[in-house]
Structures are given as C-alpha cells and as structure tokens.
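Here is a short briefing to read alongside the model. Keep the viewer open and follow the residue numbers as you go.

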Amino acid sequence: MRRQSGALFVITFAATVFIQLPSAAPAFAAPAGGDAVTVWNANAGAAATKACIAPIDNPFHESRIYAMMHVAIHDALNAIDRRFRPFAFDKRADPGASPEAAVAAAARDVMVPLLGQLPRELVSQACIDAGIASVEAAYNAALAAVPNGPGKTQGAAVGQEAAAAILALRAADGAVGPFLNPNCPQDTPLGKYRCTPGFPVIAFESWEKVTPFVLQNITQFRPGPPYEVTEKGFATDFNEVKSLGGDGTNTPSARTPDQTEIALFWYESSPLKWSRIARTVSISRGLNLWENARLFGLLNMALADGYIAMAASKNHYNYWRPVTAIQTGGGSSDTTGDKAWTPLRPTPPDQDYPSGHSIEGGVGAEVLKQFFGTDMINFQDCGVTLPAGSTCSDPSPVLRSYTSFSQAATENAYSRVLIGFHFRKAVEEGTAYGRKIGERAATLYLRPVQ
C-alpha cells in the first residue's frame, strides 16, 4: 500500500489495487522570475497529478507527455526565432508571432490529447477529465495575458502546428497497452523475478516497445548482468537492503532518521522531481525563453528514454526484487531469509535490475551538467512524498541541499536501497546507464544553429 497522510483514494485497475495520493497535495508554482517555458513545465506537473499519473503512479506516460510537450514548445519557439535545431517541426513563423502564445498553444495541444489517451486500464475517466481541465484553465489564463492582435493569433497558430508535428511523429511510437500482465510468476528459480507482495501483475513490460527519442535503440548502453546469487557481491547487497530497507514496524531497520527522510524525499516520480530541480536552477542561472526550451526538451526526452531503456533491460535480465530474495532466502548461509521482512513502501510490480529511478537520476544529473557546463551548482529542493507538514505545499517544507548534480543523483540512487526497492548494484549500474543516455541527448540534440 502506498501511504500518505490525509485521505487515500482507492482505484481498481484490472486485477490489482493501487492507492493514489490526493491530487491536490503538491505545489507546482514556477519560481519567481520564471518564464512561459518554466510555467508550462510546472503546469504539466499539476495536470499529471490531477490526472492521477503523478506523483508516484505512472511515470511512464508522465515522461512521454512531458517530453512531447517540451519538444513542441522548443520547435514552436525556434520557428519564431531559429536559435536551436528543431526536432519535429521545421518551419518559420510569420513575423511578430507571440512567443508566449506559441508556448501556451504548443503545450495545450500536446497535453490535452495525450491525457485523453491515457489507458483506462490504469486511470479513471474522472482523473483524466481533471487533468484536462487543469490544462485548459492554464491555457486560458496564459492566452488572456497576451495582448490581442495578429501576434497572438500567429503565435497560437505556430504552437498548434508544432504540437501537431510531434503528435504525428509519435502517433505510432508503440506506447500502447496492455500495460499490466496478469501472468505474473509465483514460483521461479532463485534470482528470477516473482510477483511482489500485493501486486499480482507485472507492470509496463510492454514499454520496451516504445520508440526512443534520442537513443539509437533500446539496447544502447545497456549494462552488464546483475550478480549471480552465488557471488559475494550479491550477499553484500542482500544484507545491506535487509538491514536498511525495512519498514521499521513489521521489520526492524537500521536506517537513521535522515536516511528515512532521503528514502521518502526521492520517492516521487523522477520526471516531476528533476523538472522541479531544473526550474530552480534555470531561475538561478538566468536562462532565457529559448535556453529553457532547449533545457527542458533535452531533459524530458532523455528522461523518457530512460524508462524505455529500463523496461527493456529489466525484461532482459528478469532479476528478482530484494523483497522476494529476503523473504525467500538468498540461497546461501550468508543470505538468511526473513519471511516477515517488509520494505518501507510496497515494492513496485516489476524487476530489480537495473533501477529505473537511478537511471532517471543519472539522466537528470548528466543533462544538467552538460547543459550548464559544470556539475558544481548549488541548489535546494523540496519533496511531495514526505510526511504531512514537510512537503513542498506546506508552509515550512523540508529542503535538502546539494552542491552538485552528481551528489543529488547519488542520493537519489541510494534512496532506493533505503526504501527497500533495489540492490546496490541495480542502483549504481542504473545511475551510470542514465548518465550515458543524458550525455547522448545533450551532445547530439537541439544543438545551436551555429
């Protein structure tokens, strides 16, 4: 069960039950000094939460929506003033087109249809309607702030064209279900995946069929295999998760209070978290509208590819989760089992290796490092999945501070050990995997026209 203070909403999808967080919990306001790009990035997070795919339930569709929206925004702006190479829409706008109207129209015309296409297998119609309403309200407010005239009309038109281009390009990209496989194995050899407790399905195996945005193919950069259960490294990783990843109620845990905070701070979806980090750093570095369009386009395309690569690699290795290994026993005298062992939060219904959350952290850190030309940038962030009273929306949120993007990525990866979801090898290899994806995106795509 996913737990958060306040009301819990239960929705049944296919054969499984997901507990969803209240949709109004997080705050998504762009920092003071932001522009239309950062505002629409925040709007996308708000809409994804209203649509019940964020902050923890479905980062796969969430990442695809953000990526396509930011591609459309980027291409619309570069149709008005060509500073960076477009991705899907290569035309020139009429002179005088409003950049703000273009951004709003591009964002709206991508998000509304994509939210409407969310699979009913996973999301209720009420959630979808709420997400679309959130987008429409933001769009109307954005257009109302643009003076009426030819510039507004022309800007909206180019935004609509850019949105249509990326929707057409991705119309047959493989992001189709079913996304829940009820044929989940219960009795497999040691080291192979079994259903995680509470989830009689495997989720998002089919996401490996989605066409990447920046990768050549789904196997590019794939890490080598996880440990065999007979290897010493496996025993070390097994006992680390067993010691630190328990819930502290059914299972004792050696986690410190700070380590528990880390586990819950990074629990939210990576597209939500790393977009918020990027907004904060963007403001501090004074990026302009076009620079932000490139930054958020690169970041979200690479994050989307991280999930595609993750699904393919998890399917390939089919490695068991810590909860299965610890409850079963690792198969040697160095890996003593505990049938009552319970992780801090319920383990997601897919395989351990490599850790997708860690891939995303590697992507986020590397894109930001490559974009800004340095890893060493100080920033703070809040969390939306911390206990009530300490979240982003609360008057005095908990803020964690970082001196580099790499430091944040390392803590992000470690959080998955502390929450009981992954072995250390899965998170270390995942982070390295994500860095390679992020580097490829930042060095090859949306390059300056010079």
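Which residues does Q220 touch, not counting residues up to four places away in sequence? They are L215, Y433 and R440, where contact means heavy atoms within 4.5 Å.

This is a predicted model, in which local features need pLDDT of at least 70 and side-chain atom pairs count only at pLDDT 80 or more, while totals for chains, interfaces and linings use all residues. Residues are numbered from 1 along each chain as its sequence is written, and side-chain values use heavy atoms, with hydrogens and water left out.

**Two buried loop residues**

- Q220 sits in the loop between strand 4 (202-203) and helix 6; helices (H or I, at least four residues) and strands (E, at least two) are DSSP runs, numbered from the N terminus.
- With a relative accessible area of 13%, Q220 is buried; buried means under 20% relative accessible area, exposed over 50%, and partly exposed in between (1.4 Å probe, protein chains only).
- A polar atom of the Q220 side chain lies 2.8 Å from the backbone nitrogen of Q216.
- Q220 and S98 are 122 residues apart along the chain, and their C-alpha atoms are separated by 40 Å.
- S269 belongs to the loop between helix 7 (257-265) and helix 8, and its relative accessible area of 5% makes it buried.
- Leaving out residues up to four places away in sequence, S269 touches P55, P59 and E62.
- The side chains of S269 and E62 make a polar contact at 2.9 Å; such a contact is a pair of N or O atoms within 3.5 Å, where within protein one must be able to donate a hydrogen and the other to accept it, and residues adjacent in sequence count only if both atoms are side-chain atoms.
- Although S269 and E62 are 207 residues apart along the chain, their C-alpha atoms are separated by 8.8 Å.

- Helix 1 (residues 36-50) has 15 residues, which should span 21 Å at 1.5 Å a residue, and its end C-alpha atoms are 21 Å apart, so the two values agree; the expected span is 1.5 Å times one less than the number of residues.
- Twelve of the 15 residues of helix 1 are buried, so this helix is mostly covered; among them are W40, N41 and N43.
- The cover over the buried residues of helix 1 includes helix 2 (59-80), helix 3 (99-116), helix 4 (125-144), helix 8 (270-285) and helix 9 (289-317).
- At the start of helix 1, a side-chain oxygen of D35 comes to within 3.0 Å of the backbone nitrogen of V37.
- C52 follows helix 1 and has a positive phi, near 70°.
- Helix 5 (residues 150-169) has 20 residues and reaches 29 Å from its first C-alpha to its last, close to the 28 Å expected.
- Buried residues of helix 5 include G151, K152, G155 and G159, and what covers the buried residues of this helix includes helix 2, helix 3 and helix 4.

**Backbone details**

- The peptide bond joining A54 and P55 is cis, with omega about 10°, and P55 lies in the loop between helix 1 and helix 2.
- Another cis peptide bond joins G177 and P178, with omega about 5°; P178 is in the loop between helix 5 and strand 3 (180-181).
- N318 has a positive phi, near 50°, and is found in the loop between helix 9 and helix 10 (322-328).
- N318 counts as partly exposed because its relative accessibility is 27%.
- L446 has a positive phi near 50° and lies in the segment after helix 13; its relative accessible area is 6%, so L446 is buried.

**Cavities**

- The model has four cavities of 30 Å³ or more; on a 1 Å grid over the protein atoms alone, a cavity is a set of points where a 1.4 Å probe fits but cannot get out, and lining residues have an atom within 4 Å of a point.
- The second largest cavity holds about 50 Å³, a volume being the space filled by probe spheres set on the grid points, which are joined across faces, edges and corners.
- Its lining includes Y227, F234, D237, D352 and K425, and helix 6 (232-244) and helix 13 (424-444) each supply at least two of the lining residues.
- By class, the lining of the second largest cavity has seven nonpolar, no polar and three charged residues; Ala, Val, Leu, Ile, Met, Phe, Trp, Tyr, Cys and Pro count as nonpolar, Asp, Glu, Lys and Arg as charged, and the others, Gly among them, as polar.

Methods
On a 1 Å grid over the protein atoms alone, a cavity is a set of points where a 1.4 Å probe fits but cannot get out, and a pocket is an open set with protein on both sides within 12 Å along at least five of seven lines; lining residues have an atom within 4 Å of a point.
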